[in-house]
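Biologist: Before we discuss terms, may I see the structure together with its sequence?

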Amino acid sequence: MAEQTEAETWIVYDGQCPFCSRYVQLVRLRETLGKVELVDARKGGPRVEEVRKAGLDLDEGMVLKLDGQLYHGAECIHRLALLSTGSSWFNRINAAMFRSRPASRLLYPVLRTGRNAVLRMLGRSKLELRQSPPSARAS
């Protein structure tokens, strides 16, 4: 009998963004989902390539893979809020703000704008600049 493997769950985020890095640490998904792989998009790898092949822009938002489905940006943050526990002040606030899909869609662009401003202030590039050259992506 073949051994069943557990579904892979991972989040690709910008490891040089202080907000993104702190968010994935605080959301405490392991309490509800078990194993969750946190992937720094700036380090590349197969998860980042999967996101890029799916046509998702990591400068526009982090990506959650759950049960074989990719969730990006506002939908990602909405799903994470639905999955998080009320075990900490952060998770309670996160859930209150983002359990509503319309609220997530309204608030996520504000978060993304804040991320971009902080990256500029810290002298860090956006992820788009770290992707392969356009000639390599044109195929």
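Modeller: Here it is; please bear in mind that this is a predicted model. Let us begin with the lining of the largest pocket, to which helix 1 (18–26), helix 5 (89–98) and helix 6 (101–121) each supply at least two residues.

Biologist: What volume does the largest pocket have, and which residues are the closest to its centre?

Modeller: Its volume is about 450 Å³. There are 24 lining residues, and Phe19, Cys20, Tyr23, Ile77 and Leu111 are the closest to the centre of the pocket.

Biologist: How many residues of this lining are nonpolar, polar and charged?

Modeller: The lining has 15 nonpolar, three polar and six charged residues.

Biologist: Which residues of helix 4 and helix 5 meet?

Modeller: From helix 4 come Ile77, His78, Leu80 and Ala81, which meet Asn94, Ala95 and Phe98 of helix 5. By class, the residues of this contact are five nonpolar, two polar and no charged.

Biologist: What makes helix 4 oblique to helix 6 as well?

Modeller: Here the axes cross at roughly 130 degrees and come within 9 Å. Since the oblique class takes in angles between 115 and 145 degrees, helix 4 is oblique to helix 6. This crossing is right-handed. Ala74, Glu75, Ile77, His78 and Arg79 of helix 4 make the contact with Arg101, Ser104, Arg105 and Tyr108 of helix 6. Three of the contact residues are nonpolar, two are polar and four are charged.

Biologist: Where do helix 1 and helix 6 meet?

Modeller: Pro18, Phe19 and Cys20 of helix 1 meet Gly114, Arg115 and Val118 of helix 6. This contact has four nonpolar residues, one polar and one charged. Phe19 and Cys20 have also been named among the residues closest to the centre of the largest pocket.

Methods
Residues numbered from 1 in each chain as written. Predicted model: local features only at pLDDT ≥ 70, side-chain atom pairs only at ≥ 80, totals over all residues. Heavy atoms only, no water. 1 Å grid on protein atoms, 1.4 Å probe; cavity = no way out; pocket = protein on both sides within 12 Å on 5 of 7 lines; lining within 4 Å. Points joined across faces, edges and corners; volume = space filled by probe spheres on them. Helix = DSSP H or I, 4+ residues; strand = E, 2+ residues; numbered from the N terminus. Nonpolar A, V, L, I, M, F, W, Y, C, P; charged D, E, K, R; others polar. Contact = heavy atoms within 4.5 Å. Axes fitted to C-alpha atoms, helices over the stretch in contact; angles between N-to-C directions. Parallel < 35°, antiparallel > 145°, perpendicular 65-115°, else oblique. Left-handed = near helix turned anticlockwise from the far one by under 90°.
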